[in-house]
Amino acid sequence: MSLYLENISFTYQSGTPFEKTALSGVSLSINDGDFVGITGGSGSGKSTLLQVLSGLLFPFAGKLCLDTEAINPGQKKSLNRLRRIVGLVFQFPEEQIFELQVYDEIAFGPRNLGFSRSEVDERVREAMNHMGLGFEKYSLRHCHSLSSGEKRRLAIAAILAMQPQILLLDEPAAGLDYEGWQALLQRLNYLNREKGISIVMVSHHYQQLLASCPRIILLDKGRLILDAASSSWLEYLDFLMQQGWELTASQELVYRLMQKGWEFASSPRSPEETAWAVVDFIRRSRK
Amino acid sequence: MNTSLILGQYIPEKSLIHELDPRSKIIGTALLSLAVFLSAFPEEQLFILFLVMIIILTSKISMRIHYLALKPFLFILALALLIQMLMTPGQELIEFYFIKITVEGLQAAGSLGLRLLTLLILANLLSLTTTPMAFTAALERMFRPLGKWGLPVHELVMVMNISLRFIPLLLEEAERIRKAQLGRGADFRQGKLLGRIRRLGAVIIPVFRLSIYRAEMIATAMESRGYCGAEGRTQLNELRMKAFDYVYIILSLGMCLLVTMTWGRGC
């Protein structure tokens with residue numbers, strides 16, 4: 001299932017003195033099995049783009065297509081189809097939790113869809129399993145007794161129980177400690193690889209996205225300026241510098257070392273990879 | 001919600017009306033509203049509307065925004081006019097089955113329409129040109145004498161101030177959570193009543209929890225900055241009346257007196 005955006009534009013409070021253009025002329029596609037990270041400064045249109053992708057906000061101009069079918073704002077049917085296929089995890093999704101027990105919270109979605117008791121049960125088990133929340137251990141616990149990382153995984157499990165094919169996440173790491181984020185990232189990788197769910201996440205944290213998403217999209221003032229593989233950032237380093245993009249500390253290091261004549265075979269995506277690349281270069285040059 | 005004007009929105013502009021002391025704006029609006037209520041003749045009502053239109057023009061806010069601010073009330077206005085038109089007994093003009101339109105009904109509806117329209121424009125003008133902060137500061141100053149009788153004016157105004165400040169945020173939050181639950185298949189418009197109420201809980205419970213949490217944080221933040229009520233508290237911007245403030249109040253008062261003189265002679 002692929003999602004296409006063509007020349008999407010969006011303006012908030014249009015026609016009032018508070019008019020603000022959030023997106024202008026954005027085109028992109030989300031394909032099967034993609035793992036995409038969208039980043040940009042504050043006010044670059046990241047969250048708006050995510051809401052457009054999920055069919056919650058309707059673009060003022062441009063086209064939104066699911067495979068070959070154009071999604072029409074007037075047609076409730078196609079909009080519902082889009083919402084069934086795309087699951088959106090808002091920023092701080094644990095704020096939506098309202099049931100007392102973990103089981104009921106996750107069952108809310110499938111129950112709304114009108115599934116039978118056994119089907120609901122099956123979906124809840126599967127969603128909990130996907131998010132690493134053991135059914136026996138967690139299903140009867142009170143939601144507010146969970147840790148913040150667990151709460152976030154619970155909120156995401158509640159979305160997964162809808163069985164979306166594309167999962168959108170707005171700042172999934174916000175407010176989580178390192179361990180909480182690593183645990184979540186591991187589950188997302190599992191969903192992407194084993195279950196074939198496309199993952200799209202938005203974050204202002206460029207380093208984090210670079211290290212965790214194979215594909216990176218950069219937004220600047222509502223415009224899409226780059227859509228490329230994160231494992232080849234050395235190839236478009238010049239472009240990033242040209243755009244005045246703020247590099248991560250390890251990218252900066254690699255850039256400076258290259259100016260001194262160092263050679264890197266691949267583009268290191270995280271500080272750890274950078275360290276290994278440096279070690280590797282020193283070893284090779286000694287021989 | 002994002003594409004419309006929020007009720008009670010302030011539009012910054014540099015105009016005579018904006019520069020008015022909020023107290024004189026409140027008093028002026030109250031007096032003009034009184035004049036609208038007391039006016040008995042259509043000529044008077046038209047004259048007040050004309051005056052209000054002039055005030056609107058000096059506010060430099062575009063007519064489109066005045067219209068947007070008025071829009072949510074138009075339906076209720078139309079309904080009130082319709083009821084007034086159909087329910088007033090008198091000399092029949094048109095009869096159509098059970099619907100009777102009378103001369104008196106038409107007159108009453110016209111008069112009511114003019115008055116309500118003027119009142120709505122006045123109320124909108126006040127909120128469009130006054131920041132909530134200025135508004136509550138004016139209320140606090142105006143009600144200060146009541147403090148002598150033990151009324152906690154400052155505290156009440158602070159409560160009002162904080163509530164006003166957080167209405168947009170609360171709406172935004174409720175909207176975000178509504179959207180989130182929509183994504184989990186919660187349809188708030190369809191289904192049986194009981195199910196709909198249950199699903200509404202999916203929005204109400206999180207919003208309540210968030211606001212209680214926020215209230216606690218604000219209280220702590222205020223206390224940690226040494227806030228302890230009205231005692232010994234001064235204002236950064238003291239309210240000061242200027243010449244034009246008095247002109248505005250006298251003008252409104254004059255309007256009120258003019259209308260009072262003819263009161264009782266009309267219907």
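Helices in this tour are DSSP runs of H or I with at least four residues, strands are runs of E with at least two, and both are numbered from the N terminus. With that in hand, the span of residues 68–87 of chain B is 100% helix and 0% strand, and its end C-alpha atoms lie 30 Å apart. Please keep in mind that this is a predicted model, in which local features need pLDDT of at least 70 and side-chain atom pairs count only at pLDDT 80 or more, while totals for chains, interfaces and linings use all residues. Residues are numbered from 1 along each chain as its sequence is written, and chains are lettered from A and ligands numbered from 1 in the order in which they are written.

An unreviewed UniProt entry places the feature "transmembrane region" at residues 26–56, 68–87, 116–139 and 243–264 of chain B; UniProt positions follow the numbering used here, feature names are shortened, and annotations may be inferred rather than shown by experiment. The span of residues 26–56 is 90% helix and 0% strand, and its end C-alpha atoms lie 15 Å apart.

Now look at how helices of chain B pack. Helix H4 (residues 63–87) and helix H5 (residues 103–129) of chain B have axes that come within 9 Å and cross at roughly 160°. Here axes are lines fitted to C-alpha atoms, for helices over the stretch in contact, and angles run from 0 to 180 degrees between N-to-C directions. That crossing makes H4(B) roughly antiparallel to H5(B), on a scale where angles under 35 degrees count as roughly parallel, over 145 as roughly antiparallel, 65 to 115 as roughly perpendicular and the rest as oblique. H4(B) passes H5(B) in a right-handed crossing; a crossing is right-handed if the near helix is turned clockwise from the far one by less than a right angle, and left-handed if anticlockwise.

Which residues of H4(B) and H5(B) meet? Among them are B:Phe73, B:Leu77 and B:Gln84 from H4(B), and B:Leu112, B:Gly113 and B:Asn124 from H5(B). Two residues are in contact if their C-beta atoms, placed from the backbone, lie within 7 Å. By class, this contact has 17 nonpolar, 5 polar and no charged residues, where Ala, Val, Leu, Ile, Met, Phe, Trp, Tyr, Cys and Pro count as nonpolar, Asp, Glu, Lys and Arg as charged, and the others, Gly among them, as polar.

Is B:Leu125 buried or exposed? B:Leu125 is buried, because 22 other C-beta atoms lie within 10 Å; the cut-offs are 20 or more for buried, 12 or fewer for exposed, and partly exposed in between, with C-beta atoms placed from the backbone. Leaving aside neighbours within four places in sequence, B:Leu125 is in contact with B:Ile55, B:Ile56 and B:Ser59.

Further along chain B, B:Leu151 sits in the loop between helix H6 (132–143) and helix H7 (153–182). B:Leu151 is partly exposed, with 13 other C-beta atoms within 10 Å. Next, H7(B) and helix H8 (residues 193–224) of chain B have axes that come within 10 Å and cross at roughly 145°, and this crossing is right-handed too. B:Glu173 and B:Arg178 are among the H7(B) residues that meet H8(B), whose side includes B:Pro206 and B:Leu210. The contact divides into 10 nonpolar, 2 polar and 2 charged residues.

Where do the two chains touch? In all, 21 residues of chain A are in contact with 19 residues of chain B. On the chain A side, strand S6 (86–89), helix H3 (102–112) and helix H6 (148–160) each supply at least two residues, and H3(A) gives the largest share, 3 residues. The chain A side has 11 nonpolar, 8 polar and 2 charged residues.

Finally, chain A has backbone details worth a look. Most residues other than glycine have a negative phi. A:Asp67, though not a glycine, has a positive phi of about 55°; A:Asp67 lies in the loop between strand S4 (61–66) and strand S5 (69–70) of chain A and is exposed, with 9 other C-beta atoms within 10 Å. A:Phe92, also not a glycine, has a positive phi of about 45°. A:Phe92 is in the loop between S6 and H3 of chain A and is partly exposed, with 18 other C-beta atoms within 10 Å.
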